[in-house]
Amino acid sequence: MFGKTVLFSLIFLCYFSPGAFFPGASSAQTLSCSKCHSDIGKGHKYVHPAVNLGCSSCHMPSDGRNHPKDKESIKLRYDMPQLCFQCHKEKKFTGKYVHLPTERAMCMMCHDPHHSDVEDLLRNEPQELCYRCHAKEKFTKKYVHKVALGGCGIRCHNHHASDYPHLLSSDIGDLCIGCHRIQESGSHIVSLPGGKIHPVFWQKDPRNRKKEMTCASCHNPHCSNYRKLFTYKRICNRCHKAY
Ligand code: HEC
Ligand code: HEC
Ligand code: HEC
Ligand code: HEC
Ligand code: HEC
Ligand code: HEC
Ligand code: HEC
Ligand code: HEC
């Protein structure tokens, strides 16, 4: 159930928290926090298990300051995102491509550290969450790819980091073919004489020599104003003069 790191951290906290490592990390302390912060960890569908472990798994008092009277009387145990990596494997948040808000340690733009009514402690419903930073118009044209309606993460994107461009959860070809097996060969594009088949992969895109052709050369993965999610109205003319 728990990742190994989390489990170790749990054991660590349970055994050592009242002692020298985390002075004050006891439930009595949490109780005292809750006296004034009764809203935290309550009245929501999901509570971060870390909150149940105690506020002091993340917060600690600053020496010599009186909370809440003094400014900065409470601080985080570690800077972000190291705080999170005490219990969550850092490796999950690294990759060849890292989502900019993850890279900038802006975990809190998407997550509430305490509680939420949305799964995964998200601040909004998955799709709305993405629209906070990514223009909604780009995903809501006349024809919308049915999978994109279910939320951006469903099978297609990793939210933190990925080894594939555009934070895809796998290679773009494998991704599309995973659901559209018949189109793999490219024989759906046009019938060519002599049983030849129109290329889909491994060819340079004639319009952009730096790119290889993929399904996305012809279809927009999110939405389009043209039928079949075409990237251009007269799709063949994008690469050929004659058709
Ligand atoms: C006597 C009531 C009281 C208790 C007990 C209390 N707080 Fe607070 N706390 C407040 C108030 C009031 C504020 C708002 C202060 C402000 O807005 O400047 C606050 C603000 C905070 C903040 C945000 C502001 C900051 O300084 O970063 C944090 C975090 C916090 N409390 C954590 C805790 C934790 C953890 C505990 C238990 C160790 C705790 N509080 C115990 C009353 C209390
Ligand atoms: C998983 C780590 C974690 C735990 C556990 C945790 N907090 Fe926090 N808390 C944070 C972080 C991170 C922030 C800063 C949020 C931000 O910058 O938006 C924060 C902010 C706050 C704030 C100020 C902003 C707000 O949301 O009101 C208060 C008050 C607070 N925490 C109290 C508590 C109390 C009380 C507990 C225990 C019941 C607790 N926290 C447990 C990580 C934690
Ligand atoms: C003291 C340990 C601890 C710390 C620190 C901690 N977490 Fe967690 N977190 C847990 C545990 C335990 C779980 C439940 C097991 C799991 O999903 O790995 C969890 C689960 C989560 C989940 C999934 C919740 C769900 O509904 O499935 C999110 C999101 C999360 N943590 C975000 C954060 C973020 C962001 C930070 C840093 C601000 C953080 N955590 C810091 C212990 C911690
Ligand atoms: C752009 C929004 C976004 C940002 C930024 C973000 N997350 Fe997430 N996170 C998500 C979404 C969406 C999910 C649920 C789907 C999934 O598992 O990818 C999630 C899931 C999680 C989970 C539970 C699943 C798991 O992999 O264990 C943890 C823990 C977590 N995030 C921690 C973090 C931490 C730590 C940071 C900052 C370093 C962070 N997140 C930054 C959107 C975000
Ligand atoms: C806090 C702001 C923020 C949120 C929220 C956010 N993103 Fe991003 N995202 C960015 C920034 C900044 C970039 C880098 C600039 C760009 O490519 O637009 C980026 C880039 C991306 C990229 C890479 C684009 C490319 O062509 O390489 C993808 C994919 C992506 N985000 C998906 C998501 C998804 C899915 C969500 C919702 C779970 C989401 N983002 C939520 C800020 C955000
Ligand atoms: C998780 C499954 C899934 C993945 C992954 C997926 N699709 Fe789809 N796709 C669908 C479903 C479901 C439909 C709707 C089928 C229907 O309406 O009968 C669809 C429809 C389409 C259509 C036809 C749209 C229309 O208006 O007729 C195209 C084109 C398409 N997908 C291209 C792609 C491309 C390109 C990729 C890779 C970037 C991809 N799909 C990845 C599930 C998926
Ligand atoms: C060179 C352009 C081109 C490429 C590359 C391409 N397609 Fe197509 N796609 C088309 C054309 C043309 C149609 C047929 C539209 C029609 O029925 O008039 C089509 C239709 C589709 C449809 C809808 C089928 C239906 O019955 O409505 C799906 C799904 C689809 N393509 C998926 C893919 C996938 C997956 C890939 C990558 C493996 C891909 N396409 C690569 C041009 C392309
Ligand atoms: C993204 C670019 C792209 C699009 C869009 C595209 N093609 Fe092609 N097409 C190619 C490439 C690359 C070849 C291979 C050319 C070669 O081998 O020299 C090719 C080859 C062909 C051939 C074989 C004869 C030739 O010229 O070599 C025909 C016929 C063809 N395409 C028809 C179409 C039709 C019809 C459409 C629209 C449904 C279309 N193509 C859309 C890139 C594209």
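The model is predicted. Its protein chain holds eight helices and ten strands. Buried residues account for 10% of the chain's 243 residues.

**Overall contacts**
- Take the contacts in the protein chain between residues at least 6 apart in sequence.
- Of these, 46% join residues at least 24 apart.

**The β8–β9 hairpin**
- Strand β8 spans residues 204-205, and strand β9 spans residues 208-212.
- The two strands form a hairpin, with two residues between them.
- They pair in the antiparallel sense, over two bridges.
- D205 stands opposite N208, a residue of β9.
- Strand β9 is hardly covered. Of its five residues, the count that are buried is zero.

**Around ligand 8**
- Ligand 8 has 17 residues around it.
- The ones that come nearest are V190, Q203, S217, C236 and C239.
- Sorted by class, this shell has eleven nonpolar residues, four polar ones and two charged ones.

**Residue D79**
- Where does D79 lie? It sits in the loop between β3 (74-76) and α4 (82-85).
- Is D79 buried or exposed? D79 counts as exposed because it has 9 C-beta neighbours inside 10 Å, and the cut-off for exposed is 12 or fewer.
- D79 and C58 are 21 residues apart along the chain. Their C-alpha atoms are separated by 10.0 Å.

Definitions and conventions: Residues numbered from 1 in each chain as written. Chains lettered and ligands numbered in written order. Predicted model: local features only at pLDDT ≥ 70, side-chain atom pairs only at ≥ 80, totals over all residues. Buried ≥ 20, exposed ≤ 12 C-beta atoms within 10 Å, placed from the backbone. Helix = DSSP H or I, 4+ residues; strand = E, 2+ residues; numbered from the N terminus. Pairing = 2+ DSSP bridges. Near = placed C-beta within 6 Å. Nonpolar A, V, L, I, M, F, W, Y, C, P; charged D, E, K, R; others polar. Contact = placed C-beta atoms within 7 Å.
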